[in-house]
Amino acid sequence: MASVSSAFLHAGGQPPPALARRYQSIRATTVRLCQPLRAEDQQLQSMSDASPTKWHLAHTTWFFEMFILSQQPGYQPFHPDFGRLFNSYYHSLGNPPARAERGLWSRPSLDEVHAYRRHVDEALLRLMEQPAAPQTEQAVELGLHHEQQHQELLLTDVKHALFRHPWRQAYAPQAAPVSPVQTPPLCWHRFPEGLRWMGHDGPGFSFDNERPRHRVFVHAFQLASRLVTSGEWLEFMRAGGYRNPLLWLSDGWALVQQENWSAPLYWEERDGAFFHMTLTGMRPVVPQEPVCHVSFYEADAYARFVGARLPTEAEWETAAGGVLIAGNFQESGRLHPAPAVSDDTSGPLQMFGDAWEWTASPHLPHPGYRPEPGPLGEYNAKFMCNQMVLRGGSCVTPASHLRRSYRNFFPPHARWQFSSLRLARDDAGSYNPE
């Protein structure tokens, strides 16, 4: 969520043509993701943590207008009040409207929001035809990654909004029939203790909370070969996991009682069988698929239930060091976590894509961290409290948006994100998955 490497700078300050092409492609992808939705769908805000699709379309445009175009002499804003209306949380730029009330805004219309996008796109592409200052190129790259974050949020928010409707209508048709597969047995990969490098360094984009690269001491640990499956989660439920206070952190147990949690978000029991809401509609829970839409508290409780724990983000990044960044991302069109299908035991499966993995690490600054100067310093630094780190991306994350050092973060109670878990244990542990 914050800065750009100097690797994106072009000799003489000329924006590389590839950057303009990426801008057009990513902006077009956001619009394409909205095509299955009606105008009324794009107005919905199903809870205070979510935002309407229309707002996502406008806010990502606001980002380019506010941080790039407004700095250019002679630029005429599309609307004099959009600067405040579509500000999210940048209080150094003004007083944003209440987040929970975004769904109450019938105006501007969806057509006006798309006109706003066209206005900003035309102005920014004209700007990129001319030699540009390095900071302008950096801001464009940051804005593109910001937009990719909102592409993912758009889908997670739409899923929650459609779930709240009694029809449980699908966002999109199912990409392919779900075929039964044999879940690879859970096995453990061992990693010795030692000093490890952590964080982003070198060419390519990174947010400021991924830097600086630094060394950490990691004790010997073991990491599970795949994500926890829905079938394994059903065993937790049937064993009374949601009713056993000994498994839960205090705040988590209070939420279980307050919200009457008894299953992951979107799960419903019908005639003795469990179904769940997906972006392709309601369908039976497939035991081989990764469990999804669980909070940090639920993930931690499950790990205790099986005698394991959640990995730290240093352990996760250590294990991901030799893993190819490939998997089930937004581009696959599945829009739902897929079962692990490989019996390859040479390294952990599903490290990238399918579902975000909760870690045991709070979202704190890396040693030597410096937030971006000015208003962009609000992008990450203000959220380094009461948030837990997730790693690896999900089935709705754009593939080009991920890195091994990428640090996503959410409050521990959050469930509407595509969040799952992978088990870890100390190397001397005695947990037996059988």
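The model is a predicted one, in which local features need pLDDT of at least 70 and side-chain atom pairs count only at pLDDT 80 or more, while totals for chains, interfaces and linings use all residues. Residues are numbered from 1 along each chain as its sequence is written, and side-chain values use heavy atoms, with hydrogens and water left out.

**Aromatic pairs**

I looked up the ring pairs and found 33 of them in the structure; rings of Phe, Tyr and Trp (its six-membered ring) pair if their centres lie within 6.5 Å, with planes under 30 degrees apart called stacked, over 60 edge-to-face and the rest tilted. Phe67 and Tyr90 make an edge-to-face pair, at 5.4 Å centre to centre and 70° between the planes. This pair links distant parts of the chain, since Phe67 belongs to helix α2 (residues 53-67) and Tyr90 to the loop between α3 (82-85) and α4 (110-128), 23 residues apart; helices here are DSSP runs of H or I with at least four residues, numbered from the N terminus. I checked burial too: Phe67 has a relative accessible area of 16% and is buried, and Tyr90 is buried at 1%.

I then returned to Phe86 and Tyr116, whose rings are stacked at 6.4 Å centre to centre with 25° between the planes. Phe86 is in the loop between α3 and α4 and Tyr116 in helix α4, so the pair ties together parts that are 30 residues apart in sequence. I also traced a cluster linked by ring pairs, which includes Trp62, Phe67, Tyr90, Phe205, Trp356 and Phe409.

**Charges over rings**

I recorded that the charged end of Arg415 sits over the ring of Trp261, 4.1 Å from its centre, the rule being NZ of Lys or CZ of Arg within 6 Å of the ring centre and within 35 degrees of the ring normal. Arg425 lies over the face of Trp188, 4.2 Å from the ring centre.

Notes:
Helices (H or I, at least four residues) and strands (E, at least two) are DSSP runs, numbered from the N terminus. Buried means under 20% relative accessible area, exposed over 50%, partly exposed in between (1.4 Å probe, protein chains only).
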